[in-house]
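Reader: I would like to go through this model feature by feature. Please start once it is on display.

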Amino acid sequence: MTVAENPTTVAPETVPLRRNRRFRTLWAGSAAAMLGTCVADTAYPLLLLAMTGSPTLAGAFGAVQFGASVLFGLHGGAVADRHDRRRVLIVADTVRLLTALSVAVALLAHRLTVPHALLAAAAIGATMAYGGPARMLALRAVVPPEQLRQALSQDELRVNGAALAGPPLAGLLLGLGRAVPFLATVLASAAALGASVAVRFDSGTTDGTTGATTDGTTDGATDAGKEKGAVFAGLRYLLTDPTLRATVLVTVALNLAGSAMLLAVMVLLRDHGASEAGTGLALTGEAVGGLLGAPLVTRLHRTLAPGVLLLAVAWSAALLFLVPAFAVGPVVVFAALAAMSLGVPALRVMLDVLVFQQVPEAMRGRAVAATMTLLMAGLPVGTMTAGLLLDHLPATTVLPLLAALLAAGLLPLTLGRSLRGTSWPKA
């Protein structure tokens, strides 16, 4: 009999994460899923470019994928709150597996078409929208509250490690054969699906609206996510709470400005004669900085209050935007991106902690989905904005302009007391 079934049972001693089998299994599955996604994000555009010779069609893959993620993002959160999250995760992983398998089979049969590839992009984007919130909430379900920061810090290693290894691995596998990276994605998706099936975790709300059990099933239906306007409830909650609103909006601004800065840097390096390989290596500074910053999460959270941490990371990014404009070169760009990314893991974990511990359980799926949707929407908007600016201005002008715009948005929050006075929520 479990502790949940017998309230008089004494809770067992907290198990270290390294011995938490459910956490380690979910982490490994999530790492496989992320690596497969990063490989696919590079392999699909390269494949479309090789098939058609059209940069527009190559770029269309990312646009369709992002569009599907944003389109279904809020609904994905409502589904996570309304239905069994483990089942949602299993369905999302299954769809991603079948999508990758269909592309691999089509390539082996020499029958892959552009519409097929774009449908795959839409399917991948949709699985991110529905599976993303469920996967994040699954992580919380298998670790106690006092280990949440540590678990999320380890999750940052997964994200940044995949971002660093994915693109070069995709290029290497594509060199072995067009179908090879997609067969690798099939294997990664299978590993993620296996972990989702193997790990049972508490799923659904804990406020009495559903009878969630420890095997991941429910003994009653929940009304969470069924009320009128339920899809937008998470977004409304984030924008109504002053701390969450400031945190999310500043993070979105950083995402938007960061994606714009990356395009400006790529143009700047090209204009100064950097090779494609040199540019690619310079851009890995972002992932390297994230990997180096992941072990600093706990220390930064102990040292800085949430609002202070948020402002420190944002202001450092604004200042570091200026570095490539005055000292051009792949090494300088690599160092600037690495320095800029050191605090990003602490910022992402901070956002997770605030949402997990402040948002009511019945609304967490929608709040997480709203946050993910806002962050993803900032990427194409930032890139498009930078493209328009770079059509009329040199990159050495665009970078200081982006820094100035970001600083102008941060200044009112820095001078005010509401954000600087925030504190960590109690577990």
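Reader: Which residue just after α5 takes a positive phi?

Author: G177 does, with a phi of about 155°. This is a predicted model, where local features need pLDDT of at least 70, side-chain atom pairs count only at pLDDT 80 or more, and totals for chains, interfaces and linings use all residues. Residues are numbered from 1 along each chain as its sequence is written, and side-chain values use heavy atoms, with hydrogens and water left out.

Reader: Where does α5 have a kink?

Author: The kink is at G166, shortly before the proline P167, and amounts to about 35° (the angle between axes fitted to the seven residues ending there and the seven starting there). Helix α5 covers residues 148-176; helices are DSSP runs of H or I, at least four residues, numbered from the N terminus. From first C-alpha to last, α5 reaches 41 Å, close to the 42 Å expected for its 29 residues (1.5 Å times one less than the number of residues).

Reader: How is the packing of two helices described?

Author: By the angle between their axes and the distance between the axes. Here the axes of α7 (residues 233-240) and α8 (residues 242-271) come within 5 Å and cross at roughly 100° (lines fitted to C-alpha atoms over the stretch in contact, with angles from 0 to 180 degrees between N-to-C directions). That makes α7 roughly perpendicular to α8 (angles of 65 to 115 degrees).

Reader: Which residues of α7 meet α8?

Author: Y237, L238, L239 and T240 do, and their partners in α8 are P242, L244, R245, V248 and L249 (contact means heavy atoms within 4.5 Å).

Conventions. Helices (H or I, at least four residues) and strands (E, at least two) are DSSP runs, numbered from the N terminus. Angles under 35 degrees count as roughly parallel, over 145 as roughly antiparallel, 65 to 115 as roughly perpendicular and the rest as oblique.
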